[in-house]
Amino acid sequence: LKQKHVAKAQHLWRPAMSGAMQDDDAEELDKREAMDILYEISTLLNTGLSKESLASLVGLCELGVNPEALAEAVKDLRKEASRLRAEEGQVEEEVTMAAGSKRRQ
C-alpha cells in the first residue's frame with residue numbers, strides 16, 4: 001500500500017511531458033548510448049580520441065564529410081602536434097643548456 005502511494009506521489013510531482021518531448025528525450029538517450037558504445041570501441045582500439053573529439057568526428061560524418069578524409073586529417077594533425085612538441089622540447093633543452101653554461105662562467 002505504501003509503495004502505491006509513493007508511486008502515485010511521484011507521478012503527480014513529475015512534470016507532464018508531451019509525446020513530442022518524450023520522443024525527443026528518447027532520441028537523445030539513444031544518441032548518448034550510441035556515443036558511449038562508439039567511445040568504448042574507440043578506447044578498445046586505442047585511438048586516443050577523447051569523447052568530445054569522437055563526438056565532433058561523428059557529427060562531421062553525419063554532415064557528409066568523408067570518414068577516410070577525416071581519419072587522414074586526424075593522422076596529419078597528430079604528426080604535426082608530435083613534431084611541434086619535439087621542436088618545443090629541443091628549444092627548452094637549448095635554453096636549459098645555455099642557462100647552465102652561463103652559470104659556469
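User: Which element gives the most to the lining of the second largest pocket?

Analyst: α2 does, with 6 residues. Helices are DSSP runs of H or I with at least four residues, strands are E runs of at least two, and both are numbered from the N terminus. This is a predicted model, where local features need pLDDT of at least 70, side-chain atom pairs count only at pLDDT 80 or more, and totals for chains, interfaces and linings use all residues. Residues are numbered from 1 along each chain as its sequence is written, and side-chain values use heavy atoms, without hydrogens and water.

User: How is a pocket defined?

Analyst: Rolling a probe the size of a water molecule over the atoms shows where empty space is left. On a 1 Å grid over the protein atoms alone, a pocket is an open set of points where a 1.4 Å probe fits, with protein on both sides within 12 Å along at least five of seven lines; lining residues have an atom within 4 Å of a point. Here the second largest pocket is lined by residues including Asp30, Lys31, Arg32 and Glu62. α2 and α3 are the elements that give two or more residues to that lining.

User: Which residues lie nearest the centre of the largest pocket?

Analyst: Thr47, Leu49, Leu54, Leu57 and Ala71, out of 15 lining residues. α4 gives the most to this lining, with 6 residues.
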